[in-house]
2 protein chains.
Amino acid sequence: MTGVTVRLAAEADCGAIFGLIVALARFEGLLPAVQVTEAEIRRDGFGPNHKFECLLAESETAGRVSAVGLALFYPTYSTFAGRSSLYLEDLVVVEPARRLGVGRKLLAQMAAIAAARDIHRIDLSVLHWNPARAFYEALGAAKIEGWLPYRLQGEALRRLAEEV
Amino acid sequence: MTGVTVRLAAEADCGAIFGLIVALARFEGLLPAVQVTEAEIRRDGFGPNHKFECLLAESETAGRVSAVGLALFYPTYSTFAGRSSLYLEDLVVVEPARRLGVGRKLLAQMAAIAAARDIHRIDLSVLHWNPARAFYEALGAAKIEGWLPYRLQGEALRRLAEEV
């Protein structure tokens, strides 16, 4: 595997993006959790009012280019700071391409995109047991202390919606 | 104060939205943290490719309608679940209008918007000492266990961007 390059994904890459998501889910034993479809990725990532952007890492092996990783992100908004950060929703590097700096290349490209847009933060969440914490910390990311994530869903959300 | 109503904010409400943000920041002693401007709120909330949406709560006192609260949110994206949640960036209720159910009305409207878009989660973050935790828990929101928020910013982010 040589010459890993990173570029913004285009609509023609939806199949490769979906393939990487499915490969990750299979690796994690979470295939049933994949509810997204390739058509939704096309609609939501490449339509006129897209909800996310995606960086794709590709490598060439024996003259054949294949997708080996992706970084999927979207902008967040802060009432105090405005367009304040890019949120890294997922970073995927396929198993044969790990420990080769692909994740770092993806994050570096994302950092460059942030800088070009005058955005000065990349935010993300990591499961507490995930070894990727060491990777993010090596890049200089720091745990944000004091904030607790909450989620409102299911029956509670349905009941609340009915109050309108 | 009677008849609190909630509606989606329009471009003409940018002044009221900015006023509520500044009032909150002043109340919290965080006025210097407000870097966003009214012009940015107009651009980012009401342009063709808006980054957030905003619900506005208004009440009528002696025939005069005034903005008493807001809920500012944006969609998130999940690689496994697609358009999965609305993220509540900020919920503001001005001091004279607290404990009157305004926050609940804002959240109920947001829940109805989520339902109409086939979105089944509202996500948010709360500071661990914030009494608003009890409010969210009373609505049925639950703390998400196991995920740690990380942030990459400042010199570390600048250095990373230079690797491209």
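## Hairpin and sheet in chain B

In the hairpin formed by β2(B) and β3(B), two residues lie between the strands, and B:Ala62 takes a positive phi near 50 degrees. Strands here are DSSP runs of E with at least two residues, and helices are runs of H or I with at least four residues, numbered from the N terminus. Strand β2 (residues 53-61) of chain B runs antiparallel to strand β3 (residues 64-75) of chain B, and nine bridges join them; two strands count as paired if DSSP finds at least two bridges between them. B:Thr61 has B:Arg64 in β3(B) as its bridge partner.

β3(B) also pairs with strand β4 (residues 86-93) of chain B, in the antiparallel sense and over seven bridges. Here B:Tyr74 has B:Tyr87 in β4(B) as its bridge partner.

## Basis of the description

The model is predicted: local features need pLDDT of at least 70, side-chain atom pairs count only at pLDDT 80 or more, and totals for chains, interfaces and linings use all residues. Residues are numbered from 1 along each chain as its sequence is written, chains are lettered from A and ligands numbered from 1 in the order in which they are written, and side-chain values use heavy atoms, with hydrogens and water left out.

## Interface of chains A and B

Chain A contributes 67 residues and chain B 69 residues to the contact, defined by heavy atoms within 4.5 Å. About 6800 Å² is buried between chain A and chain B, with 61% given by carbon and sulfur atoms; this is the accessible area (1.4 Å probe) that the two parts lose on being put together, summed over both. In chain A, the residues losing the most area to chain B are A:Tyr77, A:Phe80 and A:Tyr150, together 16% of what that side buries.

Six salt bridges cross the interface of chain A and chain B, each a side-chain nitrogen of Lys or Arg within 4 Å of a carboxyl oxygen of Asp or Glu. The side chains of B:Arg104 and A:Glu163 meet in a salt bridge at 2.6 Å, N to O. Strand pairing also links the chains: strand β6 (residues 142-143) of chain A and strand β7 (residues 147-153) of chain B are antiparallel, with two bridges. A:Lys143 stands opposite B:Tyr150 in β7(B).

## Positive phi in loops

Most residues other than glycine have a negative phi. A:Asp118, not a glycine, has a positive phi of about 60 degrees and lies in the loop between α3 (102-116) and β5 (121-127) of chain A. A:Asp118 counts as exposed because its relative accessibility is 55%, the cut-off being over 50% (1.4 Å probe, protein chains only).

B:Arg99 likewise has a positive phi of about 60 degrees although it is not a glycine. B:Arg99 is found in the loop between β4 and α3 (102-116) of chain B, and its 72% relative accessibility makes it exposed.

Technical notes. Buried means under 20% relative accessible area, exposed over 50%, partly exposed in between (1.4 Å probe, protein chains only).
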